[in-house]
Amino acid sequence: MTDTESSAPAELVIVPHTHWDREWYLPFQRFRLRLVTVLDRLLAQLADDPRARFTLDGQTAAIDDYLAIRPERVGLVRELVGQGQLAVGPWRVLADSFLCSGENLFRNLELGLRRADDLGGAMRIGYLPDQFGHCAQLPQILRIAGIRHACVWRGVPEAVTGTWFWWVAPDGTAMRTRYLPEGGYGGAAGVFAEADPSVVRRRATEHVRALRRWQSDGSLLGMYGTDHSAPVDGLADLVEAASRSEMRMRLDTLAGFFDRAEDANANAEIHGELRSHARANILPGVLSSRIALKQALSRAERLVERYAEPLVALYGTPSASQPFLDLAWRRLVDSACHDSVTGCGVDATAEQVATRIAEADDLGRELVELVLAPVAASVPDGGHVLFNPSPQRRAEVVILDVPAGRTLMTTPVPCQVLDTEQTAFADEMVAAHELDLFLRKVHGRELYGFQIAAWDLDADAKTIAFDLASTSESAFDVADVRAAAAAASVELWRIKVRAPARNTVAALIDVGPLALAAVTPVPEVAPKASVSPIAVGRGSLSDLDNGLIHVALRSDGLLDILAADGTHAAGLGVVVDGGDLGDEYNYAPPAHDRVVTEPDEVWNRVRWSGPLTGALESARWYSWPSHGEPDAGGRAENTRTTEVATRIEVRHGEPFVRLTVGFDNQCDDHRVRLHLPLPRPATHSHAEGQFAVVDRPPHAEGGFGERPVPTFPAYGWVAAGGLAVLLDHVSEYELVDEGRTLAITLLRSVGLLSRNDNAWRAEPAGPQLATPGAQCRGVRTVELALFLFPGEWHDSGLLEAAERYRHPFTAVRGRSQDPNSVPAVPEGGIEVGGRGVVLSSCRDVGRDGPELRLVALTPEPTTATVRSAHGHGHGHGHGDIAMRPWQLMSIAAKGASDA
């Protein structure tokens, strides 16, 4: 910030715009009704006056939402974009870059740029006006998309003292970035509150004076707009009437402003993510509001990115499947919007976001089934076809189901039976004269949604039994049942409908990189006695040990873990329940909090014990206060007993401990965290997400109007002090206890969108509306894994462990009724090697072979290798490819390029 003002004449470039939240305190369709009204007015203004300019918020979703209702206006939109009056793109939506995958950000830009170019040309400015901070790799992502400049508001640190700075990604990509001081994207909104040139001139002069504290010379940027608004009528005339030689104003789009400001100097260099509270609120509570939305989006992204899309590219028919992949990606991208997955809207908005994510998940699952169905048709019933989504060969323990009395042909360790279940669909008495009514339930071979695999009529026992299966090619005619029953002299039949008993088994299966494999059923044999079990109960302790990791479950329900290298952590798994009188945007504990850490009762048991997997279960009962009491600044005296169930599992060959933590939340206004004491104190944490590993101190920079809480996001994993937590979904974490403990948020339960008197935020973040759904009542389940290591994270095997945990094999049941059928598994697969080289996507792009997007998740230069798993086909001939630290790169069938 400069201390002097320039005496030179000022030019204030007015950029009319609107910030359009697609869904927030109103659900999508209600906001769209308002959008149509605003854009009807706006397009008329632009068409009537060629001097008029407007920037449509950097996201093409707004124009698409409008054109879906007004398709006849597309020609006018193209004309206005082509003339430079209307700026659209580059994004599809303004995403929260911490709560979605890095691949989602790429697809967001691809969709936005493609659509904006179709409408006449994209605004190639990385416009990021209202997101709650910005991830570290955005400069590289934007540069790869052909964008040279960015424009931001929130998250800018105190070190930025002017309007221009260099924003540097971890790989070294530097992007000249415009900071929006003095009110952010609405800085000049008040200038035109009255249509009086003298008033406009006075207010514009005041705004220029404020901006000159940040920029001593050059054109100034006046962002005229706010949420869900259009400019005043006659704006161009008003600007001309208010301009004077000492303070000239002109209208432009944001793209036009940047085109003329190419030579402006940047006075600071900021590396990595923008998550400072110094210049604006970043509202960090959105990381943990409605955690189920984050969980659903992370899982759906992973399903589409690493399963459906690679399967279609490598083994499917892309031309037939691509429309469904495109639809899935649109649903994922739209759900990542900064008022969507963040969970900071009303309940109706959250419900619609959840539905959108579920659609993407459904599309991904069905595409997996579609591609694997031809292979599954050749695999005998009881067998399975499997896909390895990793670009490295793996032998992995997979949980599958097989008919009772059968097992799977695997080596070298036999399958381990975990559970046996038989489903009875019906067991009822039916009079002979009403038998036909029951048989009307049979449609062809279908009964109760399954296929009739066999049936038997026993006149002596007066029983008719039907055996059901998911598929069956057995001949069946319900007329045969009617005839056999009519021939028997039975007045009252007992009807039994059941599925054959099936075993859930753990199987060790080896699958090549990005390849398919099949396992077939064989008669069950007794396991070899020489194979030692993983889980062993011993007194009040239960232990798990697979030779790579040792876990002891203590009588108090906590864990002691010892890695093979000697790294040790004790007392892991403390459940901490505390009050939260904040809102969806900001956590705020009560002034008189009651924190519950000790259970009332603990019960432990061994769940599984075998050669492939061992599991322990611990149930802990707590008395949690039922709700918060804002007026008293505390929590209720009334409590609700809550059982927290934890499953601890160790599998053959895995160097980490799997945890599943679940409870039925019946309390309001609280936060539940899992505390994990570290092997050694930590002064920093390292969190993976969006193509980077971010090094963070245990504190956050403050200076604006909210408490700078040091809670941070992690997408794939977070590591500190020799402990890494492998995550199933993007999660909020904090280093506590002076760096000795890592806290993972399991639940944050609040009842208001924004609380007017939030003790940890100086001003409202939105309207104070009730959000009972954000109390998150009901069953909450979190899955994660614990990995211990010495030294630095990048020398520990952490990336390999995270890949194994987050991307397990997927399996589809065999469907052939021929027990001797030979599986027809197509050859294929692509192997990717290199220290720190991680696969982000594998997709068909219309050229020869698939395209891989790789990232070098390493602080050191590395070399990637890409080759066909069979020595021919995809990727053959690439050889060694040098990658700089943190570089993103796309590999096509015939060469390599930056992503």
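Arg815 is partly exposed in this predicted model, with a relative accessibility of 29%. The residue takes part in a salt bridge with Glu369, in which the closest N and O atoms lie 2.6 Å apart. Glu369 belongs to helix H11 (residues 347-376), whereas Arg815 sits in the loop between strand E44 (810-813) and strand E45 (830-833), so the contact ties together parts that are 446 residues apart in sequence. Glu369 is likewise partly exposed, at 30% relative accessibility.

In total, the structure contains 63 salt bridges. One of these joins the side chains of Arg22 and Asp334, with an N to O distance of 3.5 Å. This pair also links distant parts of the chain: Arg22 is found in the loop between strand E1 (10-16) and helix H1 (28-48), and Asp334 in helix H10 (residues 318-335), at a separation of 312 residues. Arg22 has a relative accessibility of 8% and therefore counts as buried, the cut-off being under 20%. Asp334 is buried as well, its relative accessible area being 5%.

Arg22 and Asp334 are members of one network, formed by salt bridges that share partners.

Note on methods
Residues are numbered from 1 along each chain as its sequence is written. This is a predicted model: local features need pLDDT of at least 70, side-chain atom pairs count only at pLDDT 80 or more; totals for chains, interfaces and linings use all residues. Side-chain values use heavy atoms; hydrogens and water are left out. A salt bridge is a side-chain nitrogen of Lys or Arg within 4 Å of a carboxyl oxygen of Asp or Glu. Helices (H or I, at least four residues) and strands (E, at least two) are DSSP runs, numbered from the N terminus. Buried means under 20% relative accessible area, exposed over 50%, partly exposed in between (1.4 Å probe, protein chains only).
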